[in-house]
Amino acid sequence: MSTPALLDPPALLDRPGQRRGAVRGAAARRGPALAPAVPRPALVADFLALATLDPAVERLRAAPAPVRLTLGDTTLEHAADFEQWRTDEPGLLIDVVAEADLGRHPFRTAYVAGEPVMAEDGRRFVIESAATLRAEPRISTVRLIMACRRTTVSAGDRVRILHHLDECGTGRLVECAAMAINAQDGVAAVLALAVEGLVAVDVSRPILPETPVRRRVLPYPDPFGF
């Protein structure tokens, strides 16, 4: 048998006029495979993880009462998925919407155009989708931090890390990790405290040695006034 016959697949041997280059061209025209749509429960999990790590979020409530939302001259009663109380914006109303459902959302036009939607009482309404919740590098950083949530941090490491931040204000991640002398992974210990809400890590950038870490405001009164 000739060398070309050994190299060509049987399907091409049956059609001698068709070249391998033509097959490659047809495959290229099909383009890359589309990423599967993200289901809404997965987006809600991402939203809750982001809220957990956001030091500006003070409280979060699911399924608040319906409100009247205004867009231009249009007013519509709508029940948002969540309401956030934030240090920078109290009473933010949020819907978490899968890509497949965006076309049916009553405020889809405002979402695409970036137009503000306001409640009659002044609260702002926004839509969170896969495009916003899974933006990089934030979502990868959030997942790395949340993966450390089951890391056990000893009392000694906990005190040393938090005291270091009390002394310096904002510390580099690598410096804070060095305070965890009892942990197998000092970085994981620091990130576990972030999940607990004791420290804040900047999730807008990748996890790096110089990632800034700072103390979060205590959720309860500090009797010593520290």
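Start by selecting Leu53, Ile145 and Val213, which have the most contacts inside the largest nonpolar core, a set of 40 residues. Such a core joins buried Ala, Val, Leu, Ile, Met, Phe, Trp, Tyr and Cys residues through side-chain atoms within 4.5 Å, with buried meaning under 20% relative accessible area (1.4 Å probe, protein chains only). This is a predicted model, where local features need pLDDT of at least 70, side-chain atom pairs count only at pLDDT 80 or more, and totals for chains, interfaces and linings use all residues. Numbering runs from 1 along each chain as its sequence is written, and side-chain values use heavy atoms, without hydrogens and water.

Now colour the elements that give two or more residues to this core, including helix 4 (40-53), helix 9 (155-168) and helix 11 (186-196). Helix 11 gives the most, with 8 residues. Helices here are DSSP runs (H or I, at least four residues), as are strands (E, at least two), numbered from the N terminus.

Zoom in on Ile145: leaving aside residues up to four places away in sequence, Ile145 touches Leu53, Leu191, Ala194, Val195, Val201, Val203 and Ile207 (heavy atoms within 4.5 Å).

Next, find the largest pocket, with a volume of about 440 Å³, by selecting Leu50, Asp54, Val57, Arg86 and Arg138, the closest to its centre of 27 lining residues. A pocket is an open set of points on a 1 Å grid where a 1.4 Å probe fits, with protein on both sides within 12 Å along at least five of seven lines; lining residues have an atom within 4 Å of a point. Helix 4 supplies the largest share of the lining, 4 residues.

Note on methods:
Buried means under 20% relative accessible area, exposed over 50%, partly exposed in between (1.4 Å probe, protein chains only). Grid points are joined across faces, edges and corners, and a volume is the space filled by probe spheres set on the points.
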